[in-house]
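Student: I would like to go through an interface with you. Could we begin once the model is on screen?

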Amino acid sequence: MEIVHVYTKDREEFGRQCLLSDRPAELLLDVLPDQNLASNFIQRSHRDQAVQAGRQVSEHQVNTERFESDSCGINHVEGGWPKDINPLDMEQTIRFRKKAEKDESYLNSIPQLGSVAEHCGRQNNAVDIYQEPFDGWEEVEESPEPPSAKTINIFRDPNEVKRTVTGLSWHPDGGRKLAAAYSCLDFQKASRDMSLDSYIWDVENPNRPELTLKPASPLVCLDYNPKDPHTLVGGSYNGQIVYWDTRRGSQPVELSSVEHSHRDPVYKIIWLQSKTGTDAFSASTDGQVLWWDVRRLSEPTERLVLDPTREGNLDRALGAISLEFEATMPTKFMVGTEQGLVVSCNRKAKTPTEKIVCTYDGHHGPVYALQRNPFFPKNFLTVGDWTARIWSEDIKESSIMCTKYQMSYLTDACWSPVRPSVFFTLKMDGMLDVWDILFKQSDPTLSLKVCDRALYSLRVQDNGRLVACGSQQGETTLLEICSELSTLQKNEKSLLAAMFERETKREKILEARQREIRLKERSRSEQSREEEIGREDGEDDPDQLIARAERDFYNQVEAELKRREMREEEALRVSHSCSLISSHFHLRASLSGRCIHCGSPGQVHTKHAGLHLSPTHLSSSDQRMFSNIHQVSFHVL
Amino acid sequence: MAQVEETLKRIEASKGVIGTILVNAEGIPIRTTLDNSTTVQYAELLCQLSMLARTTVRDIDPQNDLTFLRIRSKKHEIMVALENNYLLIVIQNPCE
């Protein structure tokens, strides 16, 4: 196209003001479609295309920072006094007051104020105007809501390296504070930069512990003194007992001497009831139970070795892992051992042999928790391996009630202090189970997943509503249990007493029956023994047993080897006998119980022959045969 | 003057009354039957509260004004009567 529009302007007109005027439309150029050009272009097929004009948005998750709150009070100071009067000067203030009383408006206002106030005062005295109208009527039975529990607070270990919460203790006065002992119980897994501190937390403030306790070695357990809420005693990992007074700060007031303490970590320490309120006793896996007077921690006041043969032999002693002491029965106490036995002891026995009264054998593993029912002290709860068991003191053979085997190990348990039929258990998968044996005995009434890691320690506060559980990562979770599980129901005590009695009776009957059977057996075996005098049928001593076991083992091994040899021989024989395979491909042979399946011309599989042979390993004669069958892969597995 | 005295004495001697405080416009307790620190605390707090209550009432209706304020708590009842910027605070333990 050679259209060019020329625009000229005289030089003298440059810079002149533009004078614009209207002009009718003028056609400057009209380009008509040229059909010949259309052949240069291909029409594209129609296509549907979606177009969306949408705003770009992105999603972020934001977690607010934990907000730290601090509470403080305001002190009111006198103010409002005019500048010339010093509020501390009695004379001036009295004078001012007298002057104010003579004020005109004062004299006018007081009668009004007085009458109004008097009227209301008299009204209050006459009728309780804020009275609840339907108070005192029969309480409507609330529809039972499913039991629940709510997490109130989580107290996290402020250190970098997280330690397990191995011990918890509530403050005896109202439970505003919780003391937690942190240590690492895995053997030799404690890293060198692990902090040794344990903390006392205020329930309201999860941001910062209220007090840090600094022992010389990490604490495994601790206990508040129920008589004096300022003092605490703790057992540490190296076996020492440590005594704190919270008024005196974080450093321990006294430490027991290393020579006379336990030789293993102190797993449990409990205060005793005594006149001075300074006695405590501790237990550890070295097999000893030691009594201490906290005023003199250099040496224990008493010592008991948990030897079941009652000889005081430390080598044969059972390692103690939990202790139980009930203030209403101050002379008796119980010890749970690593071997699964619960030993009941009497403190006031004269000779050490009489100290151990009896043992209860029930668990396959260490008895991690042991507690008497606060309402029925004759019955106690033990937890170990995968079950929780309830025992009656009189029945020594077995527990009267037992939960079924749970999916994971139970680590701690305790009774509810307000409801006799409720107890709590902790498991290694992070679950807290609340059992109500009057309601359901086969399953927990409430099962909560508290955290992903294992839970190790549990304490219920005295009001029965708050439960603290400590986990492996150093988190202590505070839960509030719903009111149904923490208020005494009607008839609960009598129903539970009846249940315990029933179970105890059942066990007694079973025990009696067992005894009868045993007696019969014994009398029968004695009779038969008399007939067989002369036959040496005594017990093999250990060496003979070992020799016998060895012999059996070697026989087994030889038999297996022989079997393998036979199989290999068979396999070789098969490969040679393949030359006998004719061209029909449906072959089914069973080689001493093992089948060859021939599916398609290309596959012959044998199973279980023990050798891997590829066609290259076969002899040339076989290969000739194989040329008839193409694509045979002969895998002898 | 005597009437004032009589009125106040009558209130102070009423059944169930724990204490009485009379506060003037500047917030200074003129007359009180309680100890100094408690008086100061009550006077300051209730002054502020009644001012707030008063502004609330007047915000809703400017023609209106607060005459009486009653705070019932678990332990006792605090009654505040307002007149002419004076506050009469009576703390009563209602016996039912």
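The conversation below concerns the contact between two chains.

Tutor: This is a predicted model, in which local features need pLDDT of at least 70 and side-chain atom pairs count only at pLDDT 80 or more, while totals for chains, interfaces and linings use all residues. Residues are numbered from 1 along each chain as its sequence is written, chains are lettered from A and ligands numbered from 1 in the order written, and side-chain values use heavy atoms, with hydrogens and water left out.

Student: How many residues of chain B are in contact with chain A?

Tutor: On chain B, 35 residues are in contact with 32 residues of chain A, contact being heavy atoms within 4.5 Å.

Student: And what area is buried between them?

Tutor: About 3100 Å², with carbon and sulfur atoms giving 61%; buried area is the accessible area (1.4 Å probe) that two parts lose on being put together, summed over both. B:Ile30, B:Arg70 and B:Tyr86 supply 19% of the area that chain B buries against chain A, more than any other three residues.

Student: Which side chains meet in a salt bridge?

Tutor: Those of A:Glu118 and B:Arg10, at 2.7 Å, N to O. The rule, a side-chain nitrogen of Lys or Arg within 4 Å of a carboxyl oxygen of Asp or Glu, finds one salt bridge across this interface.

Student: Changing topic, what does the model score for ipTM and pTM?

Tutor: The model scores ipTM 0.77 and pTM 0.58. Chain B averages a pLDDT of 88, and 98% of the residues score at least 70; pLDDT is the predictor's confidence in each residue, from 0 to 100.
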